[in-house]
Amino acid sequence: MSLIAGTFSWVAAHWDLMRTALIQHAEMSIWSLGLGLAIGIPLAISVLGSERLAAFVINIINMLRTIPSLAILAAALPLLGIGLVPSVVALVVLALPPILLNTYIGLREVDADLVDAAAGMGMTRGQILRKIQIPLAAPAIFAGMRTAAIQVISGATLASFIGGGGLGDFITSGIAVMDQQRLLAGAVPIAILAMGVEILLGFAERRLLRNVREGGDTR
Amino acid sequence: MIRLEGITKRFGAVGKPSVDDVTIEMPEGTTTALIGPSGCGKTTTMRMINRMVEPSAGRIFIEGQDVTGLDPVTLRRRIGYVIQQIGLFPHMTVAENIGTVPHLLGWSRAKIEKRIDELLALVGLEPERFRSVMPHRLSGGQRQRVGVARALAADPPVMLMDEPFGAIDPIARERLQDEFKEILKRVRKTIVMVTHDLDEAMKMGDRVAIMREGRLIQYATPDEILAAPADAFVEAFVGPDRALKRLSLRGVDALMRPGSVADAPTIASGASVREALARLIGSGARSVNVRGADGAVLGHVTRDAILDGADAAA
């Protein structure tokens with residue numbers, strides 16, 4: 001009880017630090033997720049036409065996925081130095097696999113008959129993608145984004161090791177000086193942030209994708 | 001009018017072509033049923049008309065215009081297209097589905113809305129009830145109607161249908177075929193319909209094109225095909241009961257004589273000779289009365305008239 005109360009009073013006493021860290025953490029996560037989406041979705045679309053190219057790209061991405069997040073961050077340090085940029089780069093690597101894989105699979109699994117019908121009615125390649133494939137793959141793309149968001153928020157904790165800042169700073173320094181209140185002041189908000197985003201995105205998904213989900217199979 | 005001139009399609013450099021030098025002219029406003037065993041090239045032939053498959057050789061004319069050099073996207077917006085699995089877009093309402101091509105063509109919203117209601121009424125779905133329904137809430141037959149409405153949306157002169165009744169259960173299928181025949185008669189399109197069901201081809205087609213191994217074997221009216229199959233293959237394909245099948249293509253009214261016969265079974269005017277024959281065999285009577293829509297007897301058909309008629313035709 002005293003630990004929790006202590007944590008609250010620590011947070012209250014260091015509110016400015018707390019706010020800065022929270023903003024850094026959010027900034028890092030949003031940039032990483034945004035870049036992950038900006039790279040992953042077009043990449044998935046561009047490999048859609050060729051199965052060999054897709055297998056190649058997916059294999060590379062899967063290999064990246066096996067590297068522990070801390071190792072990616074550590075590798076970014078000598079190459080890109082310290083601070084926000086190398087942290088974001090490392091986190092993008094973390095965000096890419098779920099976005100790319102989900103988008104690719106979602107797009108590929110759109111019923112071939114629907115694509116045929118759309119083409120036969122005179123839609124261009126781009127129109128088929130925009131009006132048919134992407135809307136129908138949206139649930140899969142969204143799921144990939146959710147996974148990526150959670151991984152990025154958790155992964156951003158480690159950015160503290162290469163001077164990226166964020167809530168991870170309280171954890172690393174809390175461990176270093178054996179200050180449990182400081183440690184919890186970092187750990188608990190990260191957990192709440194991750195869970196909150198998960199719930200929020202889940203809610204958004206249900207609202208935005210009601211039509212597609214209900215639609216399902218029309219055969 | 002659709003004219004195919006020496007259309008050939010080869011997939012891959014070697015081997016037999018899937019479609020081999022097919023020449024065919026489909027008159028304006030008629031329905032042509034393309035039929036043949038699987039792998040005969042009927043679907044490929046149809047898909048070359050809207051360039052979903054590019055022909056390896058030959059030319060295609062639609063309303064006199066050579067379309068082999070046209071931009072495929074522009075061409076396809078002028079051709080109605082109904083695929084086997086209907087292919088309604090599951091994330092769009094019935095209205096959005098039907099409005100697809102008009103939307104691509106840049107029609108005004110008001111014009112599209114009006115057209116959607118017109119088409120829903122045409123295919124027998126109440127506009128108020130069905131406009132904003134999602135496809136998965138529709139029955140198979142309703143989906144098929146929406147599919148046809150969608151293909152008709154921009155009033156294309158030509159319509160392609162790939163096994164349009166394939167996904168419908170057999171009981172609903174026959175009723176839907178009858179209704180579609182009426183609808184298609186009203187809209188007067190040049191229609192190419194791929195089917196593997198001979199009865200469907202004979203019923204829906206003003207003309208039937210029979211294909212085998214990429215070649216067009218016979219292109220004629222159902223009656224001509226049943227009366228005079230071009231070769232042994234067509235003869236086997238249409239089956240040994242072709243004389244009976246011919247009877248189902250004819251209306252009883254042509255064989256009718258004036259006057260009503262006492263104690264005879266009755267049949268509706270417009271029914272086929274085959275139905276009349278079935279009624280005669282079933283009841284053991286020698287004549288059947290033909291009744292008009294208002295219930296009055298128009299005349300009667302005798303067993304001899306049917307058999308003589310079949311004789312004369314055979």
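**Cavities, pockets and a surface patch**

The largest cavity has a volume of about 60 Å³. This is a predicted model.

User: How many cavities of 30 Å³ or more does a search of the whole structure find?
Analyst: The search finds two.

User: Which residues lie nearest the centre of the largest cavity?
Analyst: They are Ile79(B), Gly80(B), Val101(B), Arg150(B) and Ala151(B), from a lining of 13 residues. Strand β6(B) gives the largest share of that lining, three residues.

User: And how do the residues of that lining divide by class?
Analyst: The lining of the largest cavity has eight nonpolar, two polar and three charged residues.

User: Turning to pockets, how much space lies in the largest pocket?
Analyst: The largest pocket holds about 930 Å³ of space. Its lining consists of 30 residues, and Asp178(B), Lys181(B), Lys203(B), Ser248(B) and Leu249(B) are the nearest to its centre.

User: Which element gives the largest share of that lining?
Analyst: That element is α8(B), with nine residues.

User: Now the surface: which residues make the nonpolar patch?
Analyst: Trp31(A), Leu35(A), Ile39(A) and Leu84(A) make this patch of about 360 Å². Helix α2 of chain A, residues 15-46, supplies the largest share, three residues.

Definitions and conventions
Residues numbered from 1 in each chain as written. Chains lettered and ligands numbered in written order. Predicted model: local features only at pLDDT ≥ 70, side-chain atom pairs only at ≥ 80, totals over all residues. Heavy atoms only, no water. 1 Å grid on protein atoms, 1.4 Å probe; cavity = no way out; pocket = protein on both sides within 12 Å on 5 of 7 lines; lining within 4 Å. Points joined across faces, edges and corners; volume = space filled by probe spheres on them. Helix = DSSP H or I, 4+ residues; strand = E, 2+ residues; numbered from the N terminus. Nonpolar A, V, L, I, M, F, W, Y, C, P; charged D, E, K, R; others polar. Patch = residues over 30% accessible without salt bridge, like charges linked within 9 Å, V, L, I, M, F, W, Y side chains within 5 Å. Areas by Shrake-Rupley, 256 points an atom, 1.4 Å probe, with all protein chains shown as cover. Salt bridge = Lys/Arg side-chain N within 4 Å of Asp/Glu carboxyl O.
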